[in-house]
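The stops below can be selected one after another.

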Amino acid sequence: MFRALLLSLSLGFFLAFQFVVSEIQLGSRLVVGENSLWVSNNGDFALGFFNPPGLPNRFSIGIRFNSNSIPFDQRKVVWVAGADVVVSDNSSYFELTHDGELVLCDSSLGVPVWNSKTNRFSVSSALLRDDGNLVLLKDREEIVWQSFGTPTDTLLPNQKLPAFEMLRAASDSRSSYYSLHLEDSGRLELRWESSITFWSSGNEVVKKKKKKKKKIGAVLTSEGALFLEDQDLMRPVWSVFGEDHNDTVKFRFLRLDRDGNLRMYSWNEVSGIWKPVWQAVENQCRVFATCGSQVCSFNSSGYTECSCPFNAFVSASDPKCLVPYQKPGCKSGFNMVKFKNLELYGIYPANDSVISQISSQRCKKLCLEDSACTAVTYTNDGDPQCRMKLTRYISGYSDPSLSSISYVKTCLDPIAVDPNDSKESPVTVTKSHSICLPCLVGATSTTLVLFLGFQLGIVVYMYQRKKKLAKKKADRFSKATNPKGLMIFSVDEIEAMTDNFDHNIGPQIFKGVMPENELVAVKEVEATLTEERKFRSSASKIGTMHHKNLAKLEGYCCELGRRFLVYEYAKNGSILDHIVDPLRSKKLTWRIRTETCLSVAKALCYLHTECREFVSHGNLNCGNILLGEALEAKLTEYGFGLCAADKDVEDFGKTVLALITGRYEPEGVVSEWVYREWIEGRKETVVDKRLEGCFDVEELERVLRISFWCVQMDERLRPSMGEVVKVLEGTLSVDPPPPPFACARSSPTISSESSQSLYEP
């Protein structure tokens with residue numbers, strides 16, 4: 001409350017000193033301590049001082065959004081004079097001098113720290129235009145300098161990035177190393193330290209002519225598209241589109257964010273947030289050195305985190321995450337520690353040496369024998385490769401989906417503990433004195449070689465034949481993908497992969513087989529629920545989401561009035577199948593049921609609060625919760641329903657009650673019976689009888705209480721999914737709920753204490 005009051009007071013103070021100027025006259029000045037602004041005619045943009053993130057006592061001068069339709073804390077800065085230049089004194093100022101220069105002066109130093117270098121261009125005035133472009137004018141007409149020509153980390157609509165120009169991410173410990181370049185070749189490239197390119201626009205390289213070079217420029221359109229444009233022919237050579245392309249959106253921008261990713265944002269007036277509608281690198285862990293000299297992974301909540309897998313092998317006094325091996329300091333020899341599903345790469349320097357056509361054991365041995373090698377990563381996706389690192393400064397990516405194996409060299413000195421150390425037994429040969437062993441070996445070897453050669457020929461023939469058949473099968477499927485990398489199927493292809501919907505594994509869910517025998521779950525959804533454009537847009541957005549309890553979307557079909565979603569395969573079908581089937585219900589032990597409740601809660605919490613924008617499920621029920629091989633929960637159909645968070649919370653409460661009781665009723669009327677049994681002290685009677693009394697009474701009480709809060713008729717009393725997760729984890733206590741089927745405000749059973757807070761501290 002106090003912080004909100006301060007914010008409103010500071011906002012009122014800030015706005016009180018705004019003034020709109022059609023022209024900025026020579027000699028005009030902005031002073032840090034005066035909190036004044038230069039504002040565009042339409043009021044959408046303002047130029048003034050602000051505190052850079054993490055620097056409360058420093059000030060930069062820049063242009064930000066200023067529209068009254070955007071809350072103050074959402075008014076993003078889109079241009080900064082001198083990029084990361086700051087001043088430190090309240091009397092520091094920004095001035096359009098009488099010589100026609102923009103100058104930023106730090107009064108504590110008594111010198112200019114940035115200027116526009118325009119004193120020779122006869123500048124007569126300046127203007128902050130309605131599109132956010134600050135311009136210096138000669139004779140009040142000709143533009144001799146503009147902020148659009150010196151971008152920092154952001155492009156506004158119709159602002160062009162010409163060849164050889166770049167955007168650089170705002171500074172922090174790592175992000176100032178990231179930059180976006182438009183090369184003379186006509187490609188956009190994301191780079192780390194200007195030398196490592198980890199993403200490019202993918203268009204064809206422009207062929208240079210001897211007499212004339214093609215002029216290529218990047219531009220963000222007001223409709224939500226990013227173009228690479230041939231400025232001579234005035235046509236695009238490459239383009240990407242935001243998911244809300246051509247929608248009515250007043251404000252957009254393109255930014256190279258601090259995490260090294262390039263994103264397009266749109267202002268969503270309904271939700272009051274900047275919505276990311278496109279990003280260059282879909283998997284954030286694939287941004288080079290996004291974790292510095294640590295390893296990037298997705299945690300249990302589904303978002304990225306940085307960790308150091310080498311901590312067990314280094315001194316506790318060493319705060320850096322460096323590979324433990326040091327050539328001069330290893331006295332007792334060294335060993336190789338194996339890390340599965342881990343991909344490593346050197347960053348200082350970033351010069352991994354690559355050896356092809358090699359086995360994993362040979363790869364490990366090469367590093368063990370090379371005194372300069374610190375670690376290796378072995379991959380074999382049809383082309384075996386060994387990547388050798390010659391530095392202790394290493395970054396990486398860890399994920400269960402990776403087939404990569406990394407070996408890290410560690411010292412055998414006492415401080416380096418190697419829990420994976422396993423010594424191979426030496427091969428022994430027993431000699432026989434009664435038989436001519438060399439003669440026998442020679443004869444046997446010849447026969448064995450001939451036999452193995454014949455068998456190998458058969459194996460190679462069968463492999464090649466199988467490969468050809470698989471290729472023919474793969475050719476039946478479309479190669480089309482959308483910008484998110486999802487596969488787009490036709491109805492014929494869906495029918496082919498499901499064998500004409502022959503194997504049902506859940507409500508409108510069918511087992512399918514993709515090329516290379518990859519199993520998938522194909523879900524048919526009602527075409528009337530979402531119109532085609534919105535369906536495709538939602539599918540593209542869902543394709544960027546990563547959480548262990550969300551079924552990964554592999555592709556979709558949207559044609560002939562039908563809609564299909566193709567998910568990763570879940571071996572054990574849906575929760576609903578297990579509830580209604582007496583035999584399969586035996587798999588649903590109490591532990592599996594409570595873990596499923598928690599997993600679904602975490603998935604919904606991720607959708608509501610941890611994605612780049614709010615995402616609802618909209619249709620949560622037992623039929624769209626699948627169970628994987630280890631009976632882990634996988635949520636499907638998320639992201640296609642449009643509803644508020646409290647609707648998902650209510651559906652979650654009903655789903656939990658169905659899972660606990662083993663009674664599934666689409667209308668959720670089972671809730672009233674369960675509440676009546678609980679309030680009358682007979683909670684044990686509601687548990688699924690097929691569990692035969694094998695359940696935890698304390699857990700049951702906690703689960704029932706939070707479920708009743710979730711299904712409250714007064715949606716204002718429903719908890720957030722984040723609170724639900726804490727209750728189910730046992731880290732947050734929960735009060736007894738009021739009757740969920742009448743308005744809580746009119747219920748005489750609710751105390752004033754309960755109406756103020758759902759949870760005990």
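The tour starts with model confidence and then moves through selected elements.

This is a predicted model, in which local features need pLDDT of at least 70, side-chain atom pairs count only at pLDDT 80 or more, and totals for chains, interfaces and linings use all residues. Residues are numbered from 1 along each chain as its sequence is written, and side-chain values use heavy atoms, with hydrogens and water left out.

**Confidence**

Colour by pLDDT, the predictor's confidence in each residue, from 0 to 100. The protein averages 81, and 80% of the residues score at least 70. Select residues 1–16, where pLDDT stays under 50 and the model has 9 contacts beyond four places in sequence; a contact means heavy atoms within 4.5 Å. Then select residues 416–444: pLDDT is again under 50 throughout, with 13 contacts beyond four places in sequence.

**Thr 97**

Go to Thr 97, in the loop between strand E8 (93–96) and strand E9 (102–106). Helices (H or I, at least four residues) and strands (E, at least two) are DSSP runs, numbered from the N terminus. Is Thr 97 buried or exposed? Thr 97 is buried, with a relative accessible area of 15%; buried means under 20% and exposed over 50%, with partly exposed in between (1.4 Å probe, protein chains only). Leaving aside residues up to four places away in sequence, Thr 97 touches Leu 26, Gly 27 and Val 103.

**A hairpin**

Select strand E18 (residues 188–192) and strand E19 (residues 196–200), which pair in the antiparallel sense over 4 bridges. Two strands pair if DSSP finds at least two bridges between them. Leu 190 stands opposite Trp 199 in E19. The two strands form a hairpin with 3 residues between them, and Glu 193 in the turn has a positive phi of about 55°.

**An open sheet**

Next, show the open sheet of 5 strands, with the order E28-E34-E31-E32-E30 and antiparallel pairing. Its edge strands, each pairing on one side only, are E28 (334–340) and E30 (353–356). From one strand to the next, the twist averages 20°. Angles run from 0 to 180 degrees between N-to-C directions, and axes are lines fitted to C-alpha atoms, for helices over the stretch in contact.

E30 pairs with E32 (residues 385–389) over 4 bridges, and Val 354 stands opposite Arg 387 in E32.

**Helix H5**

Finish at helix H5 (residues 532–542), whose buried residues include Phe 535, Lys 541 and Ile 542. Their cover includes strands E38 (519–525), E39 (553–559) and E40 (562–568).
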